[in-house]
Amino acid sequence: GAGWAGFAVVGDRAVTMEQRGKVELVTCYNWRTGELQWSRGAEARHQNAMGGIGPRSVPTITPAGEVFALGATGWLYAIDFATGNEIWKKQLVFETGLKQSEDEGYVMWGRSASPLVVDDLVVVPLGGAKDKTSSLIAFDRKTGAERWRAGTHQISYASPILATIAGVRQIVSVNEDNVSGHDPVKGTVLWEIDFPGSSTANANCSQPWVLPGDKLLLSKGYSTGASCYQMTLKDGKWSAEPAWGGEGRAVLKTKFTNLVIHKGHAFGLDDGTMQCVDLDTGEMKWKDGRYGQGQILGCGDLILVQSELGP
């Protein structure tokens with residue numbers, strides 16, 4: 001089926017998402033044989049002239065044997081990995097009080113985040129109408145009951161991550177026009193950094209990276225590039241001081257893809273060209289190879305590139 005999702009793999013099973021006609025599906029295959037093991041989904045379809053058809057996020061598989069997957073139209077699925085039986089599902093657009101067409105007026109190219117499992121919670125970006133927006137929503141992973149909503153900024157196309165910064169365990173969320181840190185238990189906003197963007201134009205798509213020494217690395221396309229911040233917590237107050245990057249030093253302009261961090265360097269597709277940058281200084285070390293807006297994967301000392309242009 002159509003779609004842009006990657007695979008989550010455990011053992012000989014690979015889970016992804018795809019669009020088959022009017023139905024959006026979470027599917028599980030035996031990757032050795034290609035045999036379909038199970039599929040679960042809902043009648044839903046995302047289609048955009050610029051963004052294509054189908055779901056675009058990678059499902060999350062937990063050690064406890066749960067699969068959590070977020071469709072482009074806002075369906076959040078909880079599925080038993082072994083059997084494919086549905087545990088629960090939620091429609092995020094319904095939770096915001098919008099219709100799909102209204103939701104796509106704010107998040108034009110479909111919801112793209114992978115669900116984040118934190119303790120007994122499943123956390124995903126929520127969104128909503130202007131002045132009624134929640135950046136994140138958390139559900140009980142066993143029952144699907146809502147536990148909290150947090151943040152007031154519209155969502156982006158990145159996934160929330162769990163990190164420890166300045167000794168504080170927290171969720172980091174890249175939103176439409178800022179980045180925020182949240183307490184995992186209650187969702188309370190700990191800090192915010194301006195990170196301009198629009199989820200209907202110059203969108204934020206790339207994952208944040210928390211680096212050693214309490215540094216936060218952000219990157220995006222649209223001529224913006226990467227910025228590295230020194231995060232500090234003192235007397236209960238957070239601060240974020242630019243370490244490098246910003247205007248005039250646009251490196252790592254990652255439009256759709258994420259960075260690979262390896263041995264003190266960041267690697268990324270800078271407007272489609274592979275680039276290597278020193279993490280301490282932000283200095284470009286080399287740049288070579290045009291691949292378009294593809295995807296990259298770190299494999300030991302190698303980087304595997306899936307080119308937008310083909311093999």
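In what order do the 4 strands of the open sheet stand, and is their pairing parallel or antiparallel? Before I answer, please keep in mind that this is a predicted model, in which local features need pLDDT of at least 70 and side-chain atom pairs count only at pLDDT 80 or more, while totals for chains, interfaces and linings use all residues. Residues are numbered from 1 along each chain as its sequence is written, and side-chain values use heavy atoms, with hydrogens and water left out.

The order is β23-β24-β25-β26, and the pairing is antiparallel; strands here are DSSP runs of E with at least two residues, numbered from the N terminus, and two of them pair if DSSP finds at least two bridges between them. Because β23 (260-262) and β26 (284-290) each have a single partner strand, they stand at the edges, and one side of each is left without a neighbour in the sheet.

Let us look at one pair. Strand β25, residues 273-278, is joined to β26 by 5 bridges, and M274 stands opposite D288 in β26.

Now to the cysteines. The structure holds 0 disulfides, a disulfide being a pair of cysteine sulfur atoms within 2.5 Å. For C276, the closest cysteine sulfur is in C228, 15 Å away, which is too far for a bond. C276 is also buried, at 3% relative accessibility, where buried means under 20% relative accessible area, exposed over 50%, and partly exposed in between, with a 1.4 Å probe and protein chains only.

Finally, consider a loop residue: S223, between β20 (215-218) and β21 (227-234), has a positive phi near 70° although it is not a glycine, and S223 is exposed at 57%.
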